[in-house]
Amino acid sequence: MTNGTTTNTAPADAGAVSAPAAPNAVFAAIDIGASSGRVMLGRVTPTSGVSLETIHRFPNGVVELDGGLRWDFDALFAEVLRGLTAAASVAATNGERIVSIGIDTWAVDYGLVNDAGELTAQPYSYRDERSRATVERVHSAIPPEKLYATTGLQFLQFNTLYQLAAEPELDGVQALLIPDLIAFLLTGERRTEATNASTTGLFDAVAGEWATEFLDALGLPRNIFPPLIQPGETVGTLLPAILEHTGLPAETTVVAVGSHDTASAVAAVPAVDQDFAYISSGTWSLVGVELALPVLSEASRKANFTNERGVDGTIRYLRNVGGLWLLSECQRAWAAEGYTQALTALLDSAAALPAGGPQINADDPGFTAPDNMPDRIRAAVRNTGAVLPDRPAAVVRCIMDSLAAGYARTLGDAERLTGRSTSVVHIVGGGSQNRLLCQLTADATGKPVIAGPVEATAQGNVLVQARAAGVVKGNLAELRELVAAGTELERYEPAGALQSSRS
């Protein structure tokens with residue numbers, strides 16, 4: 001399949017409603033990442049764009065439980081309910097009405113739900129090593145070349161199909177990806193949102209349906225996942241118990257958004273032209289371009305690029321690169337040793353160091369697991385024949401240089417494999433606040449970097465809901481104009497010096 005330019009055409013039923021939402025309509029966004037989550041209220045107007053109010057923030061992280069690294073999903077869902085309860089109270093106080101709820105989280109992980117609707121165990125985290133042992137078995141049943149030619153998914157040992165292959169028993173259960181599991185507990189409806197389905201390794205990138213032949217080849221039940229649903233479609237209304245617990249209006253619905261958080265983030269990239277690249281920078285970095293059609297070539301597979309669904313049927317052609325997980329894990333290790341310098345000061349110290357220092361391969365799988373990150377980074381530098389000083393600032397500069405170099409390599413590969421050139425790089429998410437990283441990325445890529453919005457994922461989540469409710473209309477390009485209109489962006493020119501200008 002060849003690549004093409006994005007048409008940004010919404011599905012025919014996107015935004016279809018019986019009547020426009022009332023002027024006091026607001027939207028709740030449940031946005032959960034691998035280290036934290038939040039419930040936000042979004043207000044949208046055609047003139048001022050999206051404004052967000054953070055209602056409830058809460059930590060998230062893996063725990064060692066029942067012999068593996070898992071998510072404490074019960075605690076996570078309890079925080080979601082606290083956030084929705086607080087959101088209902090805030091909206092009522094303001095004389096507003098929460099029309100719908102959208103949910104986005106990280107990808108690939110799932111919970112197993114039995115016929116009675118019960119979660120059989122706390123979901124495994126992708127950081128658990130259990131799926132490593134299944135890779136060879138999966139590839140003996142389906143060669144990697146065939147997998148890629150159908151799914152277009154980059155190889156990561158924790159992709160959902162390898163995790164499912166590690167399950168001892170799948171009879172009588174369904175796998176609900178994490179945002180779909182939250183939606184199920186809120187509505188009682190089982191669906192699999194398409195952007196997240198595309199990260200499983202069991203989704204046909206061209207047909208936009210489950211690759212049933214792969215399910216059969218791996219001995220997985222054909223109904224292991226619920227039916228697909230597209231962003232903008234309604235999952236269902238809230239269960240009576242949820243209404244009673246939260247105080248939300250009875251007519252509140254759960255609307256499918258880009259439930260893979262990167263899909264929502266890319267939907268809110270404030271690009272004015274189509275020749276843009278994006279970096280969704282957070283725990284992981286997702287570096288790529290937006291296409292209309294997947295690139296399923298053998299060269300693309302060998303380069304380990306992925307073709308994941310975006311909002312409105314677009315293709316997020318990208319590669320996972322290491323992210324700010326490296327920095328946060330170093331901070332955690334240093335804090336345990338009593339070193340608690342503020343991040344801003346730490347980054348300033350790192351920026352003052354000379355360029356050309358040692359680098360690592362930031363997306364090496366050896367950095368996936370937690371603990372002892374500074375030691376592992378120094379060991380990786382030693383393996384290159386260089387030496388990294390023990391000073392935290394030196395380690396931070398190594399991380400930032402390595403990420404920027406990884407971004408530049410990945411972007412160059414994306415341009416080569418798609419035959420497209422890009423003129424600007426948009427960084428969204430938490431990394432857009434990291435001035436050193438943004439400047440080093442501009443220097444490494446030789447392209448201007450536009451940073452912001454920080455909360456791109458929540459903005460994309462809210463915009464899809466608002467369009468479904470009829471508050472705003474238009475294709476992705478028009479939604480992105482709303483983001484640009486309501487966001488203060490920062491521009492970094494490739495100059496080799498830490499300088500920026502307001503955009």
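Guide: Axes are lines fitted to C-alpha atoms, and angles run from 0 to 180 degrees between N-to-C directions. Keep that in mind for helix α5 (residues 178-187). This is a predicted model.

Visitor: What does helix α5 lie across, and at what angle to β11 does α5 run?

Guide: Helix α5 lies across β1, β6, β11 and β12. Its direction is about 30° to β11. Helix α1 (residues 73-93) lies across β1 (25-32), β2 (36-45), β3 and β6 (97-104). The angle of α1 to β3 is about 135°.

Visitor: Which strands form the open sheet, and in what order?

Guide: Six strands, in the order β3-β2-β1-β6-β12-β11, with mixed pairing. On average, neighbouring strands here are turned by 25° against each other, direction ignored.

Visitor: What makes β3 and β11 edge strands?

Guide: Each pairs on one side only. β3 spans 49-59 and β11 spans 234-237.

Visitor: How do you know that β11 and strand β12 pair?

Guide: A pair needs at least two bridges. β11 and β12 (residues 253-255) have three, in the antiparallel sense. Thr-234 stands opposite Val-255 in β12.

Visitor: Why is strand β14 called largely enclosed?

Guide: Buried means under 20% relative accessible area. Seven of the seven residues of β14 (residues 285-291) are buried, so the rest of the structure largely encloses β14.

Visitor: What does β14 pair with, and over how many bridges?

Guide: Strand β13 (residues 276-281) pairs with β14 over five bridges, antiparallel. Ile-279 has Val-287 in β14 as its bridge partner. Three residues lie between β13 and β14, and the two form a hairpin. Strand β16 (residues 315-321) also runs antiparallel to β14, joined by seven bridges. There, Glu-290 has Arg-316 in β16 as its bridge partner.

Visitor: What puts the buried residues of helix α12 on the same side?

Guide: In α12 (residues 343-351) the buried residues are Leu-346, Leu-347 and Ala-350. Their arc around the axis is only 95°, which puts them on the same side of α12. An α-helix has 3.6 residues a turn, so residues three or four places apart point the same way.

Visitor: What do the buried residues of α12 pack against?

Guide: They pack against α11 (325-336), α14 (392-418) and α15 (435-445).

Visitor: Why are α11 and α13 called oblique to each other?

Guide: Their axes cross at roughly 120°. Perpendicular covers 65 to 115, and antiparallel starts over 145. The value falls between those ranges, and therefore α11 and α13 are oblique. The axes come within 8 Å, and α13 covers residues 373-383.

Visitor: Which residues meet there?

Guide: From α11 come Trp-325, Leu-326, Glu-329, Cys-330, Ala-333 and Trp-334. From α13 come Met-373, Pro-374 and Ile-377.

Visitor: Are Cys-330 and Cys-438 buried or exposed?

Guide: The cut-off for buried is under 20%. Cys-330 has 0% relative accessibility, so Cys-330 counts as buried. Cys-438 is at 0% too, and therefore counts as buried.

Key: Residues are numbered from 1 along each chain as its sequence is written. This is a predicted model: local features need pLDDT of at least 70, side-chain atom pairs count only at pLDDT 80 or more; totals for chains, interfaces and linings use all residues. Side-chain values use heavy atoms; hydrogens and water are left out. Buried means under 20% relative accessible area, exposed over 50%, partly exposed in between (1.4 Å probe, protein chains only). Helices (H or I, at least four residues) and strands (E, at least two) are DSSP runs, numbered from the N terminus. The arc is that of the directions from the helix axis to the C-beta atoms. Contact means heavy atoms within 4.5 Å. Angles under 35 degrees count as roughly parallel, over 145 as roughly antiparallel, 65 to 115 as roughly perpendicular and the rest as oblique.
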